[in-house]
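The sequence and the structure come first.

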Amino acid sequence: MKIKFEISKEYDVEMIYMMLKGDDWKLRAERMEIAQSMAEKIHNFKNFEMAQKELGELVDKTYSVYLSYMEKTKVLYENSWKEIMDDFSKAVEQSTVPWFYDEYICILTHFNEGISNWDGNVVCRWWKENPYLQRRITAHEILLAHYFSIHRKLYPNSGLKDLQIWALAEVAAFALVGLEKRINILLPYQVEGYYLGHNYPKIVDLQQALKEPFLKRKDFREYVEKGIELIKKYPID
C-alpha cells in the first residue's frame with residue numbers, strides 16, 4: 001500500500017460544508033476559524049449547491065495566501081512517509097488483514113485536522129503540522145478507513161449502524177497506533193499510547209473494554225468479532 005498526497009480546493013469546500021451540517025457546527029466552525037455568522041448561514045442551507053459559491057470564495061481567498069506553503073508541506077509529508085511506507089504497510093497487514101486498496105489518497109486541507117473515509121481510500125489531513133508529528137494522526141485516519149473496509153467487506157451482516165462501526169473503527173485505530181509495537185515504533189515522534197483524553201469521550205468506556213481483547217487477540221478477526229459483541233453494551237447514540 002502507498003499513500004499519495006494531493007491538494008484539492010474542491011475537496012476542502014465539500015468537507016467544510018459537511019462539517020458545518022452537523023449538530024456540532026459551532027465547535028467545528030471555531031476549529032476551522034470560520035466566522036460564526038457565516039457558519040450558521042452554511043449550516044442552514046438546504047443543500048450543497050446553495051453553499052458552494054460562498055464556500056468556494058472563502059477557500060479561494062484562503063488558498064491565495066497559503067497555497068505555496070501547502071505545496072511545500074506536501075513534499076515534506078511525502079518524504080516523511082517514504083521513510084516508513086513499506087514498513088508501515090507490512091506492519092498493518094501483519095496486524096490486521098491485507099489491504100483492500102493499493103493506494104490511499106491523503107488530501108491536504110487548510111480547514112480540518114483530519115477526516116477519514118467510511119469505506120474508501122480517501123482521507124484528509126491539514127498541512128499545519130511538523131512533517132514527522134503528522135504521521136500519528138495520518139496513520140490513525142488511514143487505519144480508521146481500513147477498519148471500515150474490513151467491516152463492510154468481511155462482516156456485511158453484523159447488523160451494526162454506521163455510528164457503531166465508526167466507534168469500533170476509532171477504538172481499533174487508537175489500539176493499532178498506541179499498542180501495536182510493529183506500528184508504534186514507526187511513529188517515534190508522537191508516542192501517546194492508548195490514550196483516553198481525545199475528542200470522543202462517548203467511546204472511552206468501549207475503548208477501555210476492548211484493550212484487553214486487543215492485547216490477547218489470536219488474530220485481528222477475533223478482535224473485530226469481540227468489538228461487534230461489545231458495542232451493543234455501550235450505546236453511543
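## Loop, helix and core

Leu133 is a residue of the loop between β4 and α6. The model is predicted, and the values below are computed from it. The C-alpha of Leu133 is separated by 36 Å from that of Asn44, a residue 89 places away along the chain.

Glu129 also belongs to the loop between β4 (122–126) and α6 (134–154). The two loop residues compare as follows.

| Residue | Relative accessible area | Class |
|---|---|---|
| Glu129 | 19% | buried |
| Leu133 | 34% | partly exposed |

Glu129 counts as buried because its 19% relative accessibility falls under the 20% cut-off. The side chain of Glu129 makes a polar contact of 2.8 Å with the side chain of Arg125. Beyond four places in sequence, Glu129 touches Tyr77, Glu113, Gln134 and Ile137.

Helix α6 has 21 residues. From the first C-alpha to the last, α6 reaches 30 Å, close to the 30 Å expected at 1.5 Å a residue. The helix is mostly covered, with 17 of its 21 residues buried.

In soluble globular proteins, nonpolar side chains tend to be buried together. In this model the largest nonpolar core has 80 residues, and Phe88 and Phe220 touch the most other members. Helix α7 (residues 162–178) supplies the largest share of this core, twelve residues. Apart from neighbours within four places in sequence, Phe88 is in contact with Met1, Trp81, Trp99, Ala139, Leu143, Ile183 and Leu186.

How values were computed. Residues numbered from 1 in each chain as written. Predicted model: local features only at pLDDT ≥ 70, side-chain atom pairs only at ≥ 80, totals over all residues. Heavy atoms only, no water. Helix = DSSP H or I, 4+ residues; strand = E, 2+ residues; numbered from the N terminus. Buried < 20%, exposed > 50% of the residue type's maximum accessible area, 1.4 Å probe, protein only. Polar contact = N/O pair within 3.5 Å; in protein donor to acceptor, adjacent residues only side chain to side chain. Contact = heavy atoms within 4.5 Å. Core = buried A, V, L, I, M, F, W, Y, C linked by side-chain atoms within 4.5 Å. Expected span 1.5 Å × (residues − 1).
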